[in-house]
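Open the model in your viewer and keep the selection panel at hand. The stops below go one at a time.

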Amino acid sequence: MGNLHDYVLWRGDLSFEQSPLNEVDDLLLSQLAYVSFGPFVPGVKMYPHFVTLRAAAQRLLEYDPDGGRIHQHAFMWKNNKRLLELCAQSRRFGEMRLTAYADELSAESQFAALCMEVQKGLYVIAFRGTDDSIAGWKEDLLMALSDPIPAQKKAAEYLAHLAPQLNGKIILTGHSKGGNLAVFAAADAPDDVQEKILRICNLDGPGFSKGLIESMGYEKIRTKLSVMLPESSIVGRLLEHEQQYHIIDSKALGILQHDAYSWQVQGKELLRSSRMTPYSEYMSAVVRRWLEELDESQRREFLETVFDTFSGMEARVIGDAPAAFFAALPQIVRKMSTLDREHKDAVLRLVRELGEASLKTLRDNIRNREKELRGEDDPPSID
């Protein structure tokens, strides 16, 4: 068993004609959407101009080898850089043609997408998941409300604009928020675009409101959905997922399984696990209960309180948030004091239960590791 890097080393010499696009490729291509290609891939308005992955990677890595100039997602760069290097050197991915690169970041929205022609008449559109920007994490939280978030609207516009120009079939993929965007864009698409779509891959991405799940557009694409969740998934179990999902084995612990490079690959398949871990079940139940206890206006009030606080912080990326959070702690306390008692209790209970679950999981993981070293086998559980 291995990860995405091992997959390219194992099977990178096989063309897509020799070995058709598979579920590991879907995950791999979703990760390329995290690469900030900047000016090295033609933008949406430049379609139908293309560049090969090999050429784009060479130029990008020569210009920005450390990921500090145009690639700003520092905590993602190490694995993505290695993947980019391996893919560029491979027969399978090197001559893949890239186009319609979009990358937008504002105070309210984080959106990026990439179109890849993997072989004649077959295109993969990958939507980027949440990066390390504060705006991206704000949008993730806004999914707890019924209104479409800005990135969802942009994903729908991107697909509706580009798909009619593509002469062939389309696969949509995305990891984390990118998986949610892929499903939303497909559900919102006109009939002629939906007919072009072969499948939609939601890779540990959040679900949706009941309104979208019950919509006509969603109903038309339901049979094309493919949902993959790691066995300790938290992000991918948020909100509604009506469709069945595949549970994937991961070598990471807890919420760190959200990292796609921890997912285990066996041949041309992602290794399956038999069930979700107790940690995932517990955390999912806690968040779901919190969402059910608060009506939409209360959720909106809480999220706006959080966002107002962050907007006053000197933080642009998540890495800056801890220091900025403590600097703004008096402001947060004052804002919390303005909430009604029921709302405040629900928020504090959520924070307490999530904290308790995380600490218990850490203790269980330590005990489990000690048992492994002693040759015992007793999986951890959450009471």
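Select Ser 19 and, leaving aside neighbours within four places in sequence, display what Ser 19 is in contact with (heavy atoms within 4.5 Å): Arg 11, Leu 14, Arg 92 and Lys 268. The side chains of Ser 19 and Arg 11 are joined by a polar contact of 2.7 Å. Ser 19 sits in the loop between helix H1 (4-11) and helix H2 (23-32), and is buried at a relative accessible area of 5% (buried is under 20%, exposed over 50%, partly exposed in between, with a 1.4 Å probe and protein chains only).

This is a predicted model, in which local features need pLDDT of at least 70 and side-chain atom pairs count only at pLDDT 80 or more, while totals for chains, interfaces and linings use all residues. Residues are numbered from 1 along each chain as its sequence is written, and side-chain values use heavy atoms, with hydrogens and water left out.

Next, select residues 150-162 (helix H7) and 177-188 (helix H8), whose axes come within 8 Å and cross at roughly 55°. H7 is therefore oblique to H8 (under 35 degrees is roughly parallel, over 145 roughly antiparallel, 65 to 115 roughly perpendicular, the rest oblique). Residues of H7 that meet H8 include Ala 155, Ala 156 and Leu 159; on the H8 side, Leu 181, Phe 184 and Asp 188 are among them.

Ser 215 lies in the loop between helix H10 (210-213) and helix H11 (216-221) and is partly exposed, at 24% relative accessibility. Finally, show the backbone oxygen of Leu 212, 2.7 Å from a polar atom of the Ser 215 side chain.

Notes
Helix = DSSP H or I, 4+ residues; strand = E, 2+ residues; numbered from the N terminus. Polar contact = N/O pair within 3.5 Å; in protein donor to acceptor, adjacent residues only side chain to side chain. Axes fitted to C-alpha atoms, helices over the stretch in contact; angles between N-to-C directions.
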